[in-house]
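Please read each one against the displayed structure.

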Amino acid sequence: YTGLYCTGCERFVTKKDLVDGKCVDHGIPPQEVKEENWFFSLSKETAWLKQILTDGTYKIIPSFRAPETLTLIEQGLEDVSFSRPNSSLSWGIPVPGEEGTQTMYVWCDALTNYFSGVGGFAHPEIWNESEITHVIGKDIARFHALIWPAMLKNAGVKLPNNLLIHGFLTSEGQKMSKSIGNVVHPDDVLAHFNGNADPLRFYLSHEIPVGNDGDFSWKRIDELYQSKLANQLGNMLNRVLVLLKKDDGVVNVPSGSEDLQQTAMAWGTYAKSLDQFDLHSAVQQVTEAVSAMNVAFNDSAPWKMKDDANKRIETLGSAAECLRHAALMLLPFIPETAQKISTQLGVPYASKMLGKDFVLTDELKAWGGCKDWTKAGEPSILFAPLEASLEK
């Protein structure tokens, strides 16, 4: 085998993969190597791979990534070197029958870990009875969209159902680079928010559609923290709880067919977004609902209902119930915050929300579905002022 090998990518590349003779990702020219290796006959799987990628057997998400993979097939698939001489690759898994002379190629070895890491042949039911979504970066799609399913086919193993290909993150509009100095370290973001990981989780979920490239901006994450989290979500929760406390914290969720229908529709839209991996739409649905909640709360002005206690309690109960649903919907995105909201609301299941066994039942997703919730908890600041976080 004679080919160009990029040590940064740990893979063989072709001239069309290069720009000015260099690897696009690592900026270095590949090495020309000539070796005698064992091969995987990927070219024999051309028609089959094209079929599973077009008939939905192996679904690529987002859909706009699929044509890129089909283009690779149209350009012609070559057999893949699945081993390297020990002189070139001294570490790794020895090739059976070739111990001491040949080592399994790193990508072949790496791909098998997806299967063996969850039990593989020892517990095949884990793999066979699950819906499998494989999550990868766009720069390694070739291996996972073509080589990996062909490997599984030849091993007699079920294919994953979906291949979710995510994009890259830039920093302030530029590709992150040590030489430029614009690398964003997660620890720095955590320190910026006083150890709270949820603002970063929220930013990445809210701002970047799955599959697209996205940009990290310190200015934008601060704006989102202040506007969407502190001013809208945190402030709404605090106002409702403070007023509830004046009525001894009694929570009275009013019943009504319109509330039941609207809540069911909201959960249906939310579930559809999650099923389609449209995560940013799901989280934006919640932030838009919280924004509308603030407007409705201001319009109803329950603090002025001094002479109508029943109406005041019902209005506050309705607002509290809306916040309960918002917290449940936010649980996959900002889990610690979702639990804090639920704890302050006083819902009985709050302490269980971060457990692996916690399930969003149909009852919990229904309007007024938390039957044993009668009293709100104590209000506290949900999102500390950013300046205070920075001082700490």
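1. Apart from neighbours within four places in sequence, E314 is in contact with N252 and P254, contact meaning heavy atoms within 4.5 Å. E314 belongs to helix α11 (residues 309-330); helices here are DSSP runs of H or I of at least four residues, strands are E runs of at least two, and both are numbered from the N terminus. With a relative accessibility of 40%, E314 is classed as partly exposed (buried is under 20% relative accessible area, exposed over 50%, partly exposed in between; 1.4 Å probe, protein chains only).

2. The model is predicted, with local features requiring pLDDT of at least 70 and side-chain atom pairs counted only at pLDDT 80 or more, while totals for chains, interfaces and linings use all residues. Residues are numbered from 1 along each chain as its sequence is written, and side-chain values use heavy atoms, with hydrogens and water left out.

3. The mean pLDDT of the protein chain is 91, and 98% of the residues score at least 70; pLDDT is the predictor's confidence in each residue, from 0 to 100.

4. Helix α3 (residues 106-116) packs against helix α5 (residues 141-155) at about 75 degrees, the axes being 11 Å apart. This angle makes α3 roughly perpendicular to α5 (65 to 115 degrees; under 35 is roughly parallel, over 145 roughly antiparallel, the rest oblique). Axes are lines fitted to C-alpha atoms, for helices over the stretch in contact, with angles from 0 to 180 degrees between N-to-C directions. On the α3 side the contact involves W107, C108, L111, T112, Y114 and F115, and on the α5 side F143, H144, I147, W148 and M151.

5. D248, in the loop between α8 (218-246) and α9 (257-275), has a phi of about 65 degrees and is exposed at 58% relative accessibility. A301, in the loop between α10 (279-300) and α11, has a phi of about 45 degrees and is buried, at 9% relative accessible area.

6. I61 and P62 are joined by a cis peptide bond, with omega of about -5 degrees. P62 is found in the loop between β7 (59-61) and α2 (66-74).
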